[in-house]
Amino acid sequence: MNLLGKTLPPLASLLPFEAAARLESFSKAADELHITQAAVSRQIRGLEDNLGVKLFSRRNRAVFLTQEGRELGRVVSAALQSISDGAAQLRTAPQRNRVVLLCQLCEAFYWLMPRLSTFHQQYPQVEIQVVTCTRPITQFEGHFDVALQSTRRASGAHTLMFTASDEVFPVCSPAYLCPQQPLPLGELQPCTFLHHSSEPPHLMEWDEWLQVFGRVLAKDARSATFDSYPLMLQAAVEGHGVAMGWRRTASRLIDSGALVRPCAESVFLPEAISVYRQHGASSRGRWLRCWPGLKRNCTRTTDRGVAAPVTPGYLLRVTRQRVLARSSAMINAPLGSTVTPTGRPRVLPSSPRKPVAKSMGSPAGLPLLNGTKITL
């Protein structure tokens, strides 16, 4: 037999009664519950009829709790609070091992995703929820446990945990530019320079990078500008020009051969990226679970500011990729055409000039392909 169903008062009336008893006002209770004052009065009148006692005395358009009303108010308030606490615990139970990681889109795409499976193997009990944002964390209104962003961006009152270094250098597709030896910076002038634009600026761009080496970008230099760093990097992969590459986000593309470093120069930034904990958030226990792995991955760097040596293995890999790409383009090109350095067909002039190998200085090897001498 369901005794509770027979002894409990109308449950719908308990919340309006608790608010009215706590505030001692029907109108304030109505405002708090977003219902009308008449609805509150009707619910309480029904509760009084069910219990057979007066819970409020009404005098001069005001209400006052009776003794019975005060006693019921304490019981109902404690019961509702207990129910609320139990529900809150149930809602947060699946999230006890969840860590919300907020990061910029480029770090999420090129740095975090390749490392996520290894992180899960090391910390199987931690559930990572990745949230991306293109704006500074000061403009992010949601919750996060850990945030990664460029050090130059505004951080507000969020707690800085540590900073990590990075390295900046030019990158491009091997089909666009792939010298046998690193080029002098001056030989990049004929190239198309790919720029990233943001407001306010937070990444090292071409002008600032060239100033480190005492150079400036020519006023008539060809350029293309993108408001997204991943989009700019993809433009470099597709052979649209030379971009500023950050080792943290471009290294895997270089290792796979999708990008190459045409120059040996690079700039080391000791505090390029910063890791924060949200201000005022009581999430210390959660982000501490992934702290060792996160810090180890963020602070793992290569040689500081020194370009990676151009090894024979590196040259062999990129040269083979270049040969394959151009050979495929030549096979598919229509008759009477040649292939440009970017792998696109070009109709031959009536009196084609003899191909000349420029600034390669390498011994005889593979035959000339469109003016470039390839050696293994």
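1. Glu-24 sits in the loop between H2 and H3. Helices here are DSSP runs of H or I with at least four residues, strands are runs of E with at least two, and both are numbered from the N terminus. Glu-24 is not a glycine, yet its phi is positive, about 50°. Its relative accessible area is 35%, so Glu-24 is partly exposed. The cut-offs are under 20% for buried and over 50% for exposed, with partly exposed in between (1.4 Å probe, protein chains only).

2. A word on the source. This is a predicted model, in which local features need pLDDT of at least 70 and side-chain atom pairs count only at pLDDT 80 or more, while totals for chains, interfaces and linings use all residues. Residues are numbered from 1 along each chain as its sequence is written, and side-chain values use heavy atoms, with hydrogens and water left out.

3. Now the overall picture. The protein has eleven helices and 14 strands. Of its 376 residues, 43% are buried. Take the contacts (heavy atoms within 4.5 Å) with a separation of 6 or more: 73% of them join residues 24 or more positions apart.

4. Glu-24, with its positive phi near 50°, follows H2.

5. H3 spans residues 26–33, and its buried residues are Phe-26, Ala-29 and Ala-30. Viewed down the axis of H3, they fall within an arc of 100°, so they line one face of the helix. The arc is taken from the directions that run from the helix axis to the C-beta atoms. Lys-28 and Asp-31 are exposed on the face turned away from the buried side. The cover over the buried residues of H3 includes helix H2 (14–23), helix H4 (37–51), strand E1 (56–59) and strand E2 (62–65). Just after H3, His-34 has a positive phi of about 60°.

6. How do H3 and H4 cross? Their axes come within 8 Å and cross at roughly 110°. Axes are lines fitted to C-alpha atoms, for helices over the stretch in contact, and angles run from 0 to 180 degrees between N-to-C directions. H3 and H4 are therefore roughly perpendicular to each other. The classes are roughly parallel under 35 degrees, roughly antiparallel over 145, roughly perpendicular from 65 to 115, and oblique for the rest. H3 brings Phe-26, Ser-27, Ala-29 and Ala-30 to the contact, and H4 brings Gln-37, Val-40, Ser-41 and Ile-44. By class, the residues of this contact are five nonpolar, three polar and no charged. Nonpolar covers Ala, Val, Leu, Ile, Met, Phe, Trp, Tyr, Cys and Pro; charged covers Asp, Glu, Lys and Arg; the others, Gly among them, are polar.

7. Arg-61 also has a positive phi, near 60°, and is a residue other than glycine. Its place is the loop between E1 and E2. Arg-61 counts as exposed, at 91% relative accessibility.

8. The largest nonpolar core has 39 residues, and Leu-188, Trp-206, Trp-209 and Trp-246 have the most contacts inside it. Such a core is a set of buried Ala, Val, Leu, Ile, Met, Phe, Trp, Tyr and Cys residues joined through side-chain atoms within 4.5 Å. Elements that each supply at least two residues include helix H6 (105–122), strand E6 (159–171), helix H7 (206–212) and helix H8 (229–237). H8 gives the most, five residues. Leaving aside neighbours within four places in sequence, the contacts of Trp-206 include Pro-170, Leu-188, Phe-193, Leu-217 and Met-244. A second, separate core has 17 residues, among them Leu-116, Val-126, Ile-128 and Leu-148.

9. H6 and H8 pack with axes 8 Å apart, at an angle of about 50°. That makes H6 oblique to H8. Leu-105, Cys-106 and Tyr-110 of H6 meet Tyr-229, Pro-230, Leu-233 and Gln-234 of H8. The contact of H6 with H8 divides into six nonpolar residues, one polar and no charged.

10. Not counting residues up to four places away in sequence, His-158 touches Ile-137, Phe-144, Tyr-276, Arg-277, Gln-278 and His-279.
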